[in-house]
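User: I'd like to go through this model and ask what stands behind each label. Can you set the values against the cut-offs as we go?

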There are 2 protein chains.
Amino acid sequence: MSFSITEENYIKAIFHLQQAEGNVSTNELAAELHTKAASVTDMLKKLKAKKLLSYEKYKGVRLSNEGKKLALAIVRKHRLWEYFLVDKLQFGWDEVHEVAEELEHISSKKLVEKLDAFLGYPKFDPHGDPIPDSHGKMAVQVQVNLIDLPVNRLAEVSGVGSQSTELLELLKHKHIGIGTRLEIKRKFSFDHSIEIKIRNQNPFTISQQLAQALFVKPV
Amino acid sequence: MSFSITEENYIKAIFHLQQAEGNVSTNELAAELHTKAASVTDMLKKLKAKKLLSYEKYKGVRLSNEGKKLALAIVRKHRLWEYFLVDKLQFGWDEVHEVAEELEHISSKKLVEKLDAFLGYPKFDPHGDPIPDSHGKMAVQVQVNLIDLPVNRLAEVSGVGSQSTELLELLKHKHIGIGTRLEIKRKFSFDHSIEIKIRNQNPFTISQQLAQALFVKPV
DNA sequence: AATTATTTTTAGGTAAATCTAAAAATAATT
DNA sequence: AATTATTTTTAGATTTACCTAAAAATAATT
């Protein structure tokens, strides 16, 4: 069975949204896909008929095993292409997403497998997200202390080492939160401070104490 | 301005058909695109409004400069991707066309330029067809190895790769000489032998070794 | 030149994916 | 529990690319 680009985008969006919560609502989907709730309802009926998800009126939606399989195949393609663009074509990691959104819909199975081999079966994409293998299995992302993150390796803040108001005050001031994506540009051995860069911001330095209080994933 | 995949396929088809003849007819296009004449008429009106071609009722169609530019950009992408698939991903040259038909519609200009650089600015694709450069210019095909001649492309034998008596003996036996016109009907990947057809003769097969020893000029 | 055959266009309709506006169901609040 | 607010669905239209069948234009043949 084959699916349209639109159908694939719905499946992918549901997949991402249901990571956080269980069932995904019509409005959430409409927001994610920049469309209207009425359009979503129509499409959900269609995808239900194709057995990609379970859906009952007013009760939200959840992917079937078939749907998950399809979602993982699309995510796999998306992340492999991102890896290709950065590693082989010298794109910056912050400019590959749009292109990969198009490339992920190229259908050839053989292409995906050969691309994977050509790239050396990478486990993580340039943003640090795990790449599903040909069976849909993803490597587990281990949490690393920010102080141990290698230079120039993109990571996402995934946790903090304490809940103290002092720490939170500092994080708020620096605009760092869970999900903030950053990379280390330099490490200074004198005081173990590190210079970090957040997308669209100028690099700035943080102390060893702060770095040790932050956990990131991966790489 | 941006164009749908369907529109791009029309432009590409017109480009290829008008190489041979001047104006392209509605029926020719319908056959090429596996659609019906009525659908073609509809689309021609649309493409005319977008200034990609000149079209007058019942008089066939011809690409404008804009249209040619677009066609060359698509052909460029198609052939670069074919080169990538064969050269980097180890596809056979006979299994890349379908995949390239999808990849040629990826829109990112930056991707095309970076891919071209990554591949080392190749001048010909794996079928021996010239790859337009970023300005739309194509290398002139002087002589091509017979093994690289596209299927169903009429060509004239223009040279041999060696002067050995063994080769000449074989050529004499097969009635092949300088100036002989032939075309390839099939290529067999098992032993890379090819089936060729010479005017007024039944097709026959020649070995990879012989094909590689022959140079031809497309007519 | 008149008739026949072919090609091309028009007219009217379908399916996919979208929309707006209104109705129905669910959730939140008084 | 009743009312209000929000979410979701239905109903009816629109756009793109396609279709069939009939009409119009062009080409071929007698």
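Predicted model: local features only at pLDDT ≥ 70, side-chain atom pairs only at ≥ 80, totals over all residues.

User: Why is R181(B) called partly exposed?

Analyst: R181(B) has a relative accessibility of 41%.

User: What makes R181(B) and E156(B) a salt bridge?

Analyst: The rule wants a side-chain nitrogen of Lys or Arg within 4 Å of a carboxyl oxygen of Asp or Glu. For R181(B) and E156(B) the N to O value is 3.5 Å, so the pair passes the rule. R181(B) sits in strand β5 of chain B and E156(B) in strand β4 of chain B, 25 residues apart.

User: Why is E7(A) called buried?

Analyst: Its value is 2% relative accessibility. Buried means under 20%, so E7(A) counts as buried. Its salt-bridge partner is K50(A), with the closest N and O atoms 3.0 Å apart. K50(A) is at 23%, so that residue counts as partly exposed.

User: How do you know that K50(A) and E7(A) link distant parts of the chain?

Analyst: Look at where they sit: K50(A) is in the loop between α3 and β1 of chain A, E7(A) is in helix α1, and they are 43 residues apart. There's also a network of salt bridges here, linking E7(A), K46(A) and K50(A). Over all chains, the rule counts 20 salt bridges.

User: Which salt bridge joins E95(A) to chain B, and what makes it one?

Analyst: The partner is K110(B), at 2.9 Å, N to O. The limit is 4 Å, so E95(A) and K110(B) count as a salt bridge. K110(B) comes from helix α6 of chain B, while E95(A) is in the loop between α4 and α5 of chain A. Between chain A and chain B the count is 2 salt bridges.

User: Are those two residues buried or exposed, or in between?

Analyst: In between. K110(B) has a relative accessible area of 40%, so it is partly exposed. E95(A), at 32%, is partly exposed as well.

User: What makes up the rest of the interface of chain A and chain B?

Analyst: On the contact count, 20 residues of chain A meet 20 residues of chain B. About 1700 Å² is buried between the two chains, and 72% of that is on carbon and sulfur atoms. In chain A, the residues losing the most area to chain B are L89(A), E102(A) and K114(A), together 28% of what that side buries. There are also 8 residue pairs in polar contact across the interface. On the chain A side, α4, α5 and α6 each give two or more residues, and α6(A) has the largest share, with 5. By class, that side divides into 11 nonpolar, 4 polar and 5 charged residues.

User: Why is S193(B) called buried?

Analyst: S193(B) comes in at 7% relative accessibility, and the cut-off is under 20%. That is why it counts as buried. S193(B) lies in the loop between β5 and β6 of chain B.

User: What makes S193(B) and D191(B) a polar contact?

Analyst: Their side chains are joined at 2.7 Å, and the limit for the N or O atoms is 3.5 Å. Beyond its close sequence neighbours, S193(B) is in contact with several residues, including K187(B), F188(B) and T205(B).

Conventions. Residues numbered from 1 in each chain as written. Chains lettered and ligands numbered in written order. Heavy atoms only, no water. Contact = heavy atoms within 4.5 Å. Buried area = accessible area lost by both parts, 1.4 Å probe. Polar contact = N/O pair within 3.5 Å; in protein donor to acceptor, adjacent residues only side chain to side chain. Helix = DSSP H or I, 4+ residues; strand = E, 2+ residues; numbered from the N terminus. Nonpolar A, V, L, I, M, F, W, Y, C, P; charged D, E, K, R; others polar. Buried < 20%, exposed > 50% of the residue type's maximum accessible area, 1.4 Å probe, protein only. Lists of a residue's contacts leave out its neighbours within four places in sequence.
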